[in-house]
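I opened my notebook to look up a few things in one structure. Here is what I wrote down, entry by entry.

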Amino acid sequence: MDNSKKIPVYVLSGFLGSGKTTVLLTMLAHCKQLGMQPGIILNEIGKENVEGHLFKEDKVFELLDGCICCTIQDDLKETMNEIIGEMEKYPLDVLFIEGTGVANPLEVQEVLLSRPYINQFELMSIITVVDASHYLEYQSVFTSSAEVRKLITEQLVCSSLIVLNKTDLIASEQLEKVKQKIRNIATKEKKMVDCVYGQVNAVTLYEKRIHSAFLTKYSADNGHHHHSTIQAIKLADLPVFTKKNFEKWLKQLPADVLRGKGFVAIEGSQRLYSFQYASKKVAFSPVPASFDREPVVILIGIGLNQQQISDYYKQLVDQ
Ligand SMILES: Nc1nc2c(ncn2[C@@H]2O[C@H](COP(=O)(O)OP(=O)(O)OP(=O)(O)O)[C@@H](O)[C@H]2O)c(=O)[nH]1
């Protein structure tokens, strides 16, 4: 196949809640401006994707219940085959792959650089998004687990572009400290940009930063696989809340709950609200009235205690 006809691929990596989807939305907006047809592969840690509504005009492929590793690597291959099979009907100009937040992007790279995918796709960049406001906490031996520290380090080491997001939540001195710490891990040649809400210019985001000729061959046996203790818990059959109570409840959850997302019914509103809980902050946004779904809460964290979460859940339902 002619090199120029390969579909460029951008991999978005980064820990839970760092802002991958936010950066992806910025990239999709650039695509629209240029009239390009994007394809998106979303990998979710739980059994359910609660963010599909954000990409309603785009071609989305979902890989659920796991990170793109081990068996999920096979699912990724299957999806890539599907994309190749549909190429005539749905020609894509660019493909984005968003990892779970607990995935090592090397797993994706390994698939893209293997046959037959290497003939059809061109891996352009692995963009690792970092929550600047939580970086020090996540990398501290006092406030984080070895698994989280290792994951975040791996995501930085394999990246070709580092996007330091959520800088609005910290002072400039702390940002400098974060940058220095990251520089101890990631080599100097790696481009690092800081931003708020994923607002990075198109040239920086789209630049080709991976040159296959210089890549070392990674093997699945090189110890990149990890069987995560990070899991997702789903809460359903939810009552109607006030925003205030729901927010209060989220903030009272055990510290090992790192991320929450889903849809809730809010008192006084006919519409469902999608919510995002990350960096200990909650954001709500109403979904279109036509959106037909049951309320659901997905909580993601390390070694979550199902019983403890269920007890907290009762507390939520009883309030
Ligand atoms: N204050 C602040 N919030 C942000 C920023 N960027 C993203 N957020 C919010 O952080 C939350 C998580 O952002 P996402 O883009 O969904 O993060 P993600 O990395 O895709 O999260 P996962 O689904 O856990 O992988 C959302 O509520 C965003 O609106 C930022 O720069 N500043």
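**Entry 1: the loop between strands 10 and 11**

I started with lysine 280, which sits in the loop between strand 10 and strand 11. I noted that the model is a predicted one. I looked up the backbone angle next. Lysine 280 is not a glycine, yet its phi is positive, about 60 degrees. Is lysine 280 buried, exposed or partly exposed? I counted 14 C-beta neighbours inside 10 Å, so lysine 280 counts as partly exposed.

Then I checked serine 279. Serine 279 is placed in the loop between strand 10 and strand 11. Its phi is near 50 degrees, again a positive value in a residue other than glycine. Serine 279 is buried, because 20 other C-beta atoms lie within 10 Å and the cut-off for buried is 20 or more. I wrote a reminder here: most residues other than glycine have a negative phi.

**Entry 2: a cis peptide bond**

The bond from arginine 115 to proline 116 is cis, and its omega is near 0 degrees. Where is proline 116? I found proline 116 in the loop between helix 3 (105-112) and helix 4 (117-120). My reminder for this entry: most peptide bonds are trans.

**Entry 3: glutamate 294**

I moved on to the loop between strand 11 (281-286) and strand 12 (296-302), where glutamate 294 has its place. Glutamate 294 has 11 C-beta neighbours inside 10 Å, so it counts as exposed. I also took a distance to glutamate 267, which is 27 residues away along the chain. The C-alpha atoms of glutamate 294 and glutamate 267 are 15 Å apart.

**Entry 4: the whole chain**

I stepped back to the chain. I listed 10 helices and 12 strands. The chain has 319 residues, and 37% of them count as buried. I then took the contacts with a separation of 6 or more; 76% of these join residues 24 or more positions apart.

**Entry 5: two domains**

The domain assignment gives domain 1 (3-214) and domain 2 (230-318). Their C-alpha centres lie 25 Å apart. The contact takes 18 residues from domain 1 and 17 residues from domain 2. On the domain 1 side, I sorted the touching residues into six nonpolar, six polar and six charged.

**Entry 6: the nonpolar core**

I looked up the largest nonpolar core, which has 61 residues. Which residues have the most contacts inside it? They are Val9, Leu12, Phe96, Ile127 and Val163. Strand 5 (residues 121-131) gives the most to this core, with seven residues. Domain 1 and domain 2 each supply at least three residues to this core.

I followed up leucine 12. I left aside its neighbours within four places in sequence. Leucine 12 then has contacts with residues including Val23, Leu24, Phe96, Ile97, Ile127 and Val129. Lys20 and Glu98 are also among its contacts.

**Entry 7: around the ligand**

How many residues surround the ligand? I counted 21, and the closest are Lys20, Thr21, Thr22, Gly101 and Gln276. The shell divides into seven nonpolar, 10 polar and four charged residues. Helix 1 (20-33) and strand 10 (272-278) each supply at least two residues of the shell. Helix 1 gives the most, with three residues. Domain 1 and domain 2 each give the shell at least three residues.

Technical notes
Residues are numbered from 1 along each chain as its sequence is written. This is a predicted model: local features need pLDDT of at least 70, side-chain atom pairs count only at pLDDT 80 or more; totals for chains, interfaces and linings use all residues. Domain bounds come from an automatic or database domain assignment. Two residues are in contact if their C-beta atoms, placed from the backbone, lie within 7 Å. Ala, Val, Leu, Ile, Met, Phe, Trp, Tyr, Cys and Pro count as nonpolar, Asp, Glu, Lys and Arg as charged, and the others, Gly among them, as polar. A residue is near a molecule or strand if its C-beta atom, placed from the backbone, lies within 6 Å of it. Helices (H or I, at least four residues) and strands (E, at least two) are DSSP runs, numbered from the N terminus. A residue is buried if 20 or more other C-beta atoms lie within 10 Å of its own, exposed if 12 or fewer, and partly exposed in between; C-beta atoms are placed from the backbone. A nonpolar core is a set of buried Ala, Val, Leu, Ile, Met, Phe, Trp, Tyr and Cys residues joined through C-beta atoms within 7 Å.
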